[in-house]
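Let me put the thing up on the screen, and then I'll walk you through a few spots in it.

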Amino acid sequence: MAVGPFSEQVQKSRVELVEAWSKHVTSLLDLLFQAAVVTEEDVSFVRGGGCLGERDRMRNLLDVLYGRGEDACCAFFEVMPKVQTGASGRENLNSCRQQRLQDHMQRHRDILGKEHSPKPSASAKANARSQAKARPYTDITLSKRPGYEVHLQHQHEAAVVGELFRGRTQETRGQQEEICVFREIYQGLLSIPGNGLTLLSGVAGSGKTTVVRRLVYEWSSQTDCEKIILSLSFRELNLISEPESLQGLLLMHYSHLKPVMADILRDKLERLLVILDGLDEFRYPLDFKRTPKCSDPERAQPVGALVVNLIKGNLLPGITILLTSRPHAVSKVPLELVSVFCSMLGFSQAQQQEYFRHTCASEKAGAEVWDYVATHKPLQLMCHIPAFCWIVSTALHNGSPGLTKPESHATINGDKIMSESEMPSAASESEMPPATYTVVEPRATLVNGLTPKSSTRTLTITDIYCCFLKSILVFHGEGREEDSPWRLLQDAPRILRESRPVLRALGALAFKGLLERRLLFECSDLAALSLDSAELSRIFLVEILKVDHTSLRLEESFYFIHTSVQEYLAALYFVLEALSGSDPFAGLQPSTINLPLRLQRVLSLASKKLLGSKGLLKQHVKKALLWSGQHQSGHMDLFCRFVSGLLVPQTRLILDGLFPRRTSSLFCASAACSPSSAPPSFLLSLLHSQLRNCSLCPERQVNVCHCLYEAQDSGLSQRLQSWLQILAQKPQSEQPESLEKRDWSELAFLLQLSPDLDTLKLDCQGLDTEGLRRLLPVLPLFCTLSLGQNPLGPEGAAVLSKALKTPACRVEKLWVVRTGLGCEGVRILTEALKDNRTVVDLRMAINDIGDKGAGHLADMLKTNCTLKDIRLRDNHITDKGGELLMDALTENSTLQYIWLFDNKFTKDGVKRLKEFSKTRTNLDIKVCV
């Protein structure tokens with residue numbers, strides 16, 4: 001029996017209690033019996049058959065209470081004031097309560113501190129250096145502002161990483177947005193009183209949960225902090241199917257706080273910080289308008305209603321709440337309830353370097369990995385996501401297999417690697433290990449204007465994930481940490497071959513989840529694929545438990561360690577099935593027609609005979625690309641990139657042993673063909689066909705370019721070099737003929753890989769409405785858009801209007817001189833500028849807008865408070881249009897310059913404009929007859 005402060009007080013003050021409270025023993029006994037603290041047998045024992053005096057009965061009561069433990073003694077002190085409000089009773093009660101709370105809070109800190117301590121770095125089985133000392137938390141860059149803006153998701157989250165690190169002025173960011181680091185968020189959340197509801201938004205793997213872990217860990221060691229932290233994840237809340245009270249829910253997760261939880265929820269609300277992690281994963285609807293109000297923490301209610309009442313402040317008013325979510329789900333919470341909105345920007349380049357230095361086998365190895373990543377723009381941009389840095393360091397920090405054929409005495413991280421002649425011979429030809437792969441010097445990146453060496457192969461995202469998978473399986477399997485890495489590399493084909501059934505089942509689970517947009521899986525999902533959670537799957541799946549109160553047993557649920565790992569394993573399964581001639585969608589894709597299994601097999605065999613292996617493979621890949629194009633959210637984009645990369649034979653050599661060798665013949669046009677020499681022609685043909693599809697949205701077309709990059713399309717590199725010449729504003733006579741049939745989606749792809757560019761200058765490039773539409777995903781990212789002398793017209797104005805309405809728009813200067821906008825184009829553009837808060841410089845000379853267009857500009861100027869400079873030279877504006885502009889400028893106080901040269905003003909009209917200009921000291925009107 002644990003002896004706590006209340007039990008000690010009963011023993012310590014026994015004499016005083018008998019002396020002062022014997023005359024109230026009957027009342028005390030009745031109250032304790034009503035509260036179910038003592039039983040009928042206890043009451044009979046205390047009374048002693050009615051023959052005992054008050055003092056003896058009081059002694060018996062104290063013996064019973066001490067025997068029943070701390071909770072009973074605590075209840076005794078709580079009922080004492082109800083019998084007599086003496087000062088000594090209240091002092092004893094308050095003193096014991098305070099001591100008990102401190103003891104339980106220290107235990108709470110210790111438990112949470114251990115649960116949230118920094119984890120060993122970078123791999124499923126940490127290396128010896130990591131085991132000796134867990135790495136510290138690397139700082140993450142955030143932005144902070146009041147309220148939030150809703151972002152419509154049209155791209156995969158991986159496509160927009162790094163955009164927030166583009167150069168922006170304070171005016172573009174907005175006066176209320178500020179860049180901050182973890183320490184500032186930490187201090188705000190732990191302040192008393194708190195900030196209300198703080199909403200932390202970030203893409204998958206950007207570090208939201210890491211921020212939560214670090215927050216709890218640092219709080220656990222700060223003993224003088226008065227804040228009390230209680231953390232819940234929505235993944236765990238998803239497992240609750242019955243109505244539950246808030247107090248019961250917290251006790252379920254923090255059973256060690258049971259003796260003090262009621263006190264905390266009653267008296268310590270201003271000191272309470274509740275963390276709700278992962279709103280985007282919550283499967284219950286949140287109805288903030290129609291959910292019944294509930295302010296009783298002991299009242300059971302559906303878990304969705306419980307969350308709504310907690311966020312609205314009906315439950316536990318005055319507490320501080322930290323809510324984390326991916327961007328697409330933040331709008332579930334009404335704007336007026338959010339006090340502070342924080343965005344996870346991820347790792348800056350300096351933070352990426354620091355992370356690799358801490359997680360790799362040595363600082364030198366970390367520097368080598370960073371140098372390699374820094375010269376490959378797609379990798380560097382992805383490394384803004386901390387989870388991707390972890391994947392890269394796991395793939396490369398042990399010198400994992402690289403991406404080119406071996407060279408004698410090649411080196412990695414400064415250490416000599418065995419040449420082929422030094423490798424031990426294998427037992428048989430079938431078990432002969434593949435040639436050793438080494439990481440060579442990085443190639444020049446596509447955006448720096450240099451021509452890559454033909455002997456060096458481009459590093460792709462798919463390559464990194466293949467190295468990651470191989471590193472996990474080969475180097476970090478059970479009992480392999482102490483073995484020689486080169487001996488393990490020799491054994492890699494066997495390990496991968498033996499892992500094929502489990503990886504195929506894991507991939508099927510991942511693919512099924514991707515099609516159904518599921519992140520959480522039950523034991524039944526694993527059992528359907530013959531997956532044992534105790535096997536290899538435990539490396540890639542995270543387990544969470546829930547209690548089934550009806551059967552009194554634990555139930556398991558699972559999710560992949562990262563969404564990109566789920567997408568990669570899904571692509572791996574897809575390619576394995578497609579190469580074997582099977583339909584990856586069979587049995588996984590929702591269908592309205594349920595054919596018997598036997599009939600499905602007959603149809604599959606007939607298709608194989610009719611189309612042949614190559615034709616069937618092409619059909620499956622085409623189906624995947626079409627399936628992805630139908631989803632405007634972009635959640636299949638990364639999957640398609642991985643599929644494109646895994647169809648390249650040379651990429652699959654990294655996983656030699658996993659893929660059947662007979663599949664190489666599918667990519668050879670002749671017997672003399674080398675299966676690893678080039679990407680399959682049918683894949684490039686399919687992707688180029690997708691790129692020419694005008695019905696595909698711009699975001700999907702840019703993703704097709706990412707697929708071409710993963711597929712190692714040699715022509716893409718040449719075309720991107722040509723686009724670089726255009727961005728450098730070389731004369732058209734010097735531009736290559738290869739861009740006569742230019743695809744603007746390729747330029748959008750290149751611009752995504754160029755975060756240092758803040759000006760997009762495409763004057764006189766024949767940019768039409770369709771080309772501008774394909775550039776739409778990147779248009780809002782630039783401070784200056786110079787698009788003069790291109791045939792844009794009103795349709796182009798509509799595309800620009802969409803860009804200006806984007807919440808993340810950074811455009812400050814919009815130059816659309818001589819683009820054929822006309823009156824209708826100006827009307828469309830000014831509708832967007834009425835709400836835009838970034839554009840300060842608008843140049844639209846020679847667009848024939850006339851007086852009607854001037855009227856549209858005047859209407860816009862009455863509400864726009866950002867524009868400072870407008871240039872309207874040679875637009876056929878007359879005195880009537882000038883009057884409209886002057887009328888609007890009486891209400892607008894922010895415009896500083898307006899250029900009206902070469903229009904159709906009379907002398908009187910020019911005179912009135914100049915006189916009006918004199919009435920405004922900060923306005924300069926340039927005008928002449």
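So, of the 929 residues in this chain, 55% count as buried. Keep in mind that this is a predicted model. In secondary structure terms, the chain comes to 38 helices and 19 strands. And if you take the contacts with a separation of 6 or more, 77% of them are between residues 24 or more positions apart.

Let's start with a pair of helices. Two packed helices get described by the angle between their axes and the distance between those axes. Here I've picked helix H20, residues 461-475, and helix H27, residues 637-646. Their axes come within 9 Å and cross at roughly 80°. Anything from 65 to 115 degrees counts as roughly perpendicular, so that's what we call H20 relative to H27. Who makes the contact between H20 and H27? On the H20 side you've got Ile-461, Thr-462, Tyr-465 and Cys-466, and on the H27 side Arg-641, Phe-642, Gly-645 and Leu-646. Sort the residues of that contact by type and you get five nonpolar, two polar and one charged.

Next up, helix H30, residues 698-710. Is H30 enclosed by the rest of the structure, or open? Well, 13 of its 13 residues are buried, so H30 is largely enclosed by the rest of the structure. The geometry checks out too: at 1.5 Å a residue, the 13 residues of H30 should span 18 Å, and the end C-alpha atoms are 19 Å apart, which agrees. Then, just after H30, Gln-712 takes a positive phi of about 60°.

Now over to a strand. Thr-784 sits in strand S14, which covers residues 784-786. Is Thr-784 buried or exposed? Its relative accessible area is 10%, and the cut-off for buried is under 20%, so Thr-784 is buried. What does Thr-784 touch, once we leave aside its neighbours within four places in sequence? The list is Asp-758, Thr-759, Leu-760, Lys-813 and Trp-815.

Notes. Residues are numbered from 1 along each chain as its sequence is written. This is a predicted model: local features need pLDDT of at least 70, side-chain atom pairs count only at pLDDT 80 or more; totals for chains, interfaces and linings use all residues. Side-chain values use heavy atoms; hydrogens and water are left out. Axes are lines fitted to C-alpha atoms, for helices over the stretch in contact, and angles run from 0 to 180 degrees between N-to-C directions. Helices (H or I, at least four residues) and strands (E, at least two) are DSSP runs, numbered from the N terminus. Angles under 35 degrees count as roughly parallel, over 145 as roughly antiparallel, 65 to 115 as roughly perpendicular and the rest as oblique. Contact means heavy atoms within 4.5 Å. Ala, Val, Leu, Ile, Met, Phe, Trp, Tyr, Cys and Pro count as nonpolar, Asp, Glu, Lys and Arg as charged, and the others, Gly among them, as polar. Buried means under 20% relative accessible area, exposed over 50%, partly exposed in between (1.4 Å probe, protein chains only). The expected span of a helix is 1.5 Å times one less than its number of residues.
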